[in-house]
Amino acid sequence: MASELLERSRLGSSGRASSFRLGITGPPGVGKSTLTEALGMHILTESSREDGEFMPINLAVLAIDPSSTTGGSILGDKTRMAGLSCHPRAFVRPSPSSGSLGGMQAYTHDAQLLCEFAGFELTIIETVGVGQSETELAECCDLFLLILAPGGGDELQGSKKGIVEAADLLVVNKADGETEDLARKTASEYKKALNLVRRPGNSRHNDVLTVSAKTGKGVDVLWREIQKYYKAAQSCGLDEKRKIQRHYWMWKYLKQTMMDALKNDPNLKDHSQSVIRKLNLGEISPRAAAQEIWMSSQAGRCTYTKA
Ligand SMILES: Nc1nc2c(ncn2[C@@H]2O[C@H](COP(=O)(O)OP(=O)(O)OP(=O)(O)O)[C@@H](O)[C@H]2O)c(=O)[nH]1
Ligand SMILES: [Mg+2]
């Protein structure tokens with residue numbers, strides 16, 4: 001039923017310009033929700049609209065909290081996004097990412113499409129950058145922001161390298177009070193390091209911005225950068241990027257569908273269990289076990305077809 005609803009929504013919304021998809025990730029507590037609130041409120045209250053400039057009239061926020069499996073995040077994020085939560089032109093949907101590896105909820109992509117079909121001109125997805133979530137988030141977004149805390153710019157060569165390479169724009173948050181100077185120093189360290197980790201010809205932004213989600217300082221500059229990116233992407237590359245993303249999701253859904261079909265196939269149940277027993281006893285490798293289950297599913301399929 002959910003698939004059908006999505007399909008009908010897609011058909012029903014044909015002709016409508018699709019929304020711009022912004023992804024926000026970063027380590028826990030770096031200020032992603034606070035920044036989403038500040039940026040969202042800035043966008044919705046910004047009245048000046050120059051010709052041809054991207055100025056969404058409404059926006060949807062999907063906040064995914066990998067630490068919560070109970071829905072407790074709903075209150076947390078609604079508190080962080082107090083203005084957006086009750087703004088008539090915003091929709092905030094916090095959701096725990098229970099069950100999905102690395103923070104990206106299995107159906108976030110569907111939820112994002114639904115927001116788009118509902119007419120939201122900008123969708124923002126916030127997720128903690130752990131495990132696979134950042135690569136997954138990149139597959140959902142037109143522009144992928146990485147939020148960083150003051151300090152730690154020298155770690156760039158190590159664990160953070162992959163995510164920094166994947167991000168379109170880096171932002172150091174908490175550039176206020178005692179951490180303002182440190183934030184600026186961190187931004188310039190990242191800027192220097194970006195030139196080292198990014199291959200020449202990489203189209204991504206090599207500037208690193210500093211903002212304070214708390215005071216709002218720098219949020220206008222960040223928004224102007226996003227607008228610039230939007231404009232550039234419209235004229236080159238966005239369609240291609242989205243096409244590749246659609247392929248990614250198709251294969252992901254196919255994998256899920258096949259896994260479910262194999263696990264739930266009553267004709268395979270006995271055989272799978274005997275393979276698992278052999279696996280438990282160490283008589284077979286995981287790879288050989290997977291192949292055995294797959295081969296028997298194919299053998300079964302041939303039998304049905306012949307019948
Ligand atoms: N000084 C300062 N504190 C900030 C700023 N932005 C966020 N904070 C504080 O940092 C803490 C975490 O903020 P959140 O917005 O919840 O951070 P988050 O990255 O969304 O956190 P998770 O979703 O739990 O990973 C809160 O106490 C915020 O008040 C900022 O710009 N400056
Ligand atoms: Mg948050």
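Visitor: Which residues is L268 in contact with, leaving aside its neighbours within four places in sequence?
Guide: L262, I293, S296 and S297 are in contact with L268, contact being heavy atoms within 4.5 Å. This is a predicted model, in which local features need pLDDT of at least 70 and side-chain atom pairs count only at pLDDT 80 or more, while totals for chains, interfaces and linings use all residues. Residues are numbered from 1 along each chain as its sequence is written, chains are lettered from A and ligands numbered from 1 in the order in which they are written, and side-chain values use heavy atoms, with hydrogens and water left out.

Visitor: Why is L268 called buried?
Guide: Buried means under 20% relative accessible area, exposed over 50%, and partly exposed in between (1.4 Å probe, protein chains only). L268 has a relative accessibility of 4%, so it counts as buried.

Visitor: Where is L268 in the chain, and how far is it from I293 in space?
Guide: You'll find L268 in the loop between α10 (238–264) and α11 (269–280); helices are DSSP runs of H or I with at least four residues, strands are E runs of at least two, and both are numbered from the N terminus. From L268 to I293 is 25 residues along the sequence, and their C-alpha atoms are 7.7 Å apart.

Visitor: What about T108: why does that one count as buried?
Guide: The relative accessibility of T108 is 2%, which falls under the limit, so T108 is buried. T108 sits in helix α5 (residues 108–117). L137 is 29 residues from T108 in sequence and 9.3 Å from it in space, C-alpha to C-alpha.

Visitor: What makes α5 mostly covered?
Guide: Count the residues: eight of the 10 in α5 are buried. They are T108, H109, D110, Q112, L113, C115, E116 and F117. After α5 comes G119, with a positive phi near 100°.

Visitor: Why is D168 described as buried, and what lies by its side chain?
Guide: With 5% relative accessible area, D168 is under the limit and therefore buried. A polar atom of the D168 side chain lies 2.7 Å from the backbone nitrogen of F144. D168 itself is in the loop between α7 (161–166) and β6 (169–172).

Visitor: Now the ligands. Which residues come nearest to ligand 1?
Guide: Ligand 1 has 16 residues around it, and K32, S33, T34, R80 and D176 come nearest. A residue counts as near if one of its heavy atoms lies within 4 Å.

Visitor: How much of ligand 1 does the protein bury?
Guide: The protein buries 73% of the 640 Å² that ligand 1 exposes when taken alone, by the Shrake-Rupley method with a 1.4 Å probe. Two elements give two or more residues to its shell, α2 (32–45) and β4 (122–128). The largest share, three residues, is from α2.

Visitor: How do you know that S33 and E126 are donors of the magnesium ion?
Guide: Donors are N, O and S atoms within 2.8 Å of the metal (3.2 Å for Na, K and Ca), and sites may look incomplete because water is not among the atoms. S33 (OG) and E126 (OE) lie 2.1 to 2.3 Å from the magnesium ion, ligand 2, so they qualify. S33 is in helix α2 and E126 in strand β4, so the pair ties together parts that are 93 residues apart in sequence. S33 and E126 are buried as well.

Visitor: And how many helices and strands does the protein have?
Guide: There are 12 helices and seven strands. Of the 307 residues in the protein, 42% are buried.

Definitions and conventions:
Polar contact = N/O pair within 3.5 Å; in protein donor to acceptor, adjacent residues only side chain to side chain.
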